[in-house]
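Please walk me through this structure in the viewer. Tell me what to select at each stop and what is found there.

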There are 2 protein chains.
Amino acid sequence: MENKQTSLFSLNDILNFEQHYRAAFINSLSGFKSLALIATIDANGKSNVAIFNSVIHIGAHPPLMGFISRPDSAERHTLLNIKETGVYTINHVNQSIYQAAHQTAARYSKEISEFTVTGLTEEYKNNFSAPFVKESNIQIALKFKEQINISSNGTILIIGEIQQVFIPANCISTDGFVDIEKAKSITGSGLDSYHTTQRIARLSYAKPNKAIEKVISQFNHE
Amino acid sequence: MENKQTSLFSLNDILNFEQHYRAAFINSLSGFKSLALIATIDANGKSNVAIFNSVIHIGAHPPLMGFISRPDSAERHTLLNIKETGVYTINHVNQSIYQAAHQTAARYSKEISEFTVTGLTEEYKNNFSAPFVKESNIQIALKFKEQINISSNGTILIIGEIQQVFIPANCISTDGFVDIEKAKSITGSGLDSYHTTQRIARLSYAKPNKAIEKVISQFNHE
């Protein structure tokens, strides 16, 4: 029988948690997360790739994506390279590379490319100077647009404009929706949990006094 | 046989997409998303609840969460109420309420509470003045902390500090990880797609020259 007991935690309880317990707890609360490998290269040609779980949609016109960077973490090399070269790629994580993707979070020195130590493959194409992750099915090239400092805790929101997108042709539906589940992208929760997904439904555009209907995606390429 | 053909889209292609096609396309690229009902109340006691797919972790100490608001959308009432009262709640969406959650995105006038028209239940407890969504298994009370204007496209990042958290006791593991899949939280993709999840694994903290191990969550309450 299911236990219906609910636990309540106050801000004071949270502030008194042991540090690692608190990090695991609070990182779980924001819900399921995107999992992306952000790949960069520095001015000397040294590549870098790191996993991020904070990529978010910012806008469609112009096409903008954002992610949060913590200056004191393994993510700092990504930020340095983006500021140095102005370009980066966002590559979706799938089940066949999730362990290699997780390993990119280790604090390697700047001289070591995570591509070398994790077995992920850097791919250069279509005249874009930052590397893509070859094993990723959805690859997005971006140009740095705006850095926003979050004064509440010193983290940074990096905004980029999409320059190029590579997607499996059979995952693009006729209304523009990209079926990222079909493209084998996965999701994360907390700091360390990886999940596949199973579609419940797509729903029609919500309007007052109009019943929602399920939408069936149509694809031109199968 | 799987079609391995890859489609390439340039920034120029994207800018020339039909508007709704572009919105569906670009909203898909950021990966899987959190699904949260943000509930508020205005100074006159009129409640509001709206679905958001942009809630992200900002930091654990202090415990901070963020979300993106588009000033010209149905999300504007949420923003107005947060600025007016300084408080709001974030409530995870689960499969039993996903259609009602989707319907909150319709553009109702300010006099109409989405709680009334969608069948979601507003719940007031523990001296917090904003309503929780009763049907949600993970409920978080927040205090407004910081508004950040994103100059690239006029959207707004709202940051709040966690004040209270309600979680099913049997979903909290002994290391602080909250099993949101066990709590029946779901994830979204694009503008309109809803998905359940299936855990692949939790992975141990990544360090250079150390093999990753799978982590099995332990629970005190079953």
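Over all chains, this predicted model holds 20 aromatic pairs. Select A:Phe132 and A:Phe166 to see one of them: the ring centres are 5.3 Å apart and the planes stand at 80°, so the pair is edge-to-face. A:Phe132 belongs to strand β9 (residues 132-133) and A:Phe166 to strand β11 (residues 155-168) of chain A, so that distant parts of the chain, 34 residues apart, are linked. Both residues, A:Phe132 and A:Phe166, are buried.

Go to chain B and select B:Phe9 with B:Phe25. This aromatic pair is also edge-to-face, with 5.0 Å from centre to centre and 70° between the planes. B:Phe9 sits in strand β1 (residues 6-10) and B:Phe25 in helix α2 (residues 19-29), so the pair ties together parts 16 residues apart in sequence. B:Phe9 and B:Phe25 are buried.

In chain A, select A:Phe9, A:Phe17, A:Tyr21 and A:Phe25, which ring pairs link into a cluster.

Next come charges over rings. In chain B, the charged end of B:Lys125 sits over the ring of B:Phe166, 3.9 Å from its centre. In chain A, A:Arg202 lies over the face of A:Phe177, 4.0 Å from the ring centre.

Stay on A:Arg202, which is part of strand β13 (residues 193-203) and is buried, at 3% relative accessible area. Its side chain makes polar contacts with those of A:Asp175, at 2.9 Å, and A:Ser217, at 3.0 Å. Its contacts also include B:Asp192 and B:Ser193.

Note on methods:
Residues numbered from 1 in each chain as written. Chains lettered and ligands numbered in written order. Heavy atoms only, no water. Helix = DSSP H or I, 4+ residues; strand = E, 2+ residues; numbered from the N terminus. Buried < 20%, exposed > 50% of the residue type's maximum accessible area, 1.4 Å probe, protein only. Polar contact = N/O pair within 3.5 Å; in protein donor to acceptor, adjacent residues only side chain to side chain. Contact = heavy atoms within 4.5 Å. Phe/Tyr/Trp six-rings, centres within 6.5 Å; stacked < 30°, edge-to-face > 60°. Lys NZ or Arg CZ within 6 Å of the ring centre and 35° of its normal. Lists of a residue's contacts leave out its neighbours within four places in sequence.
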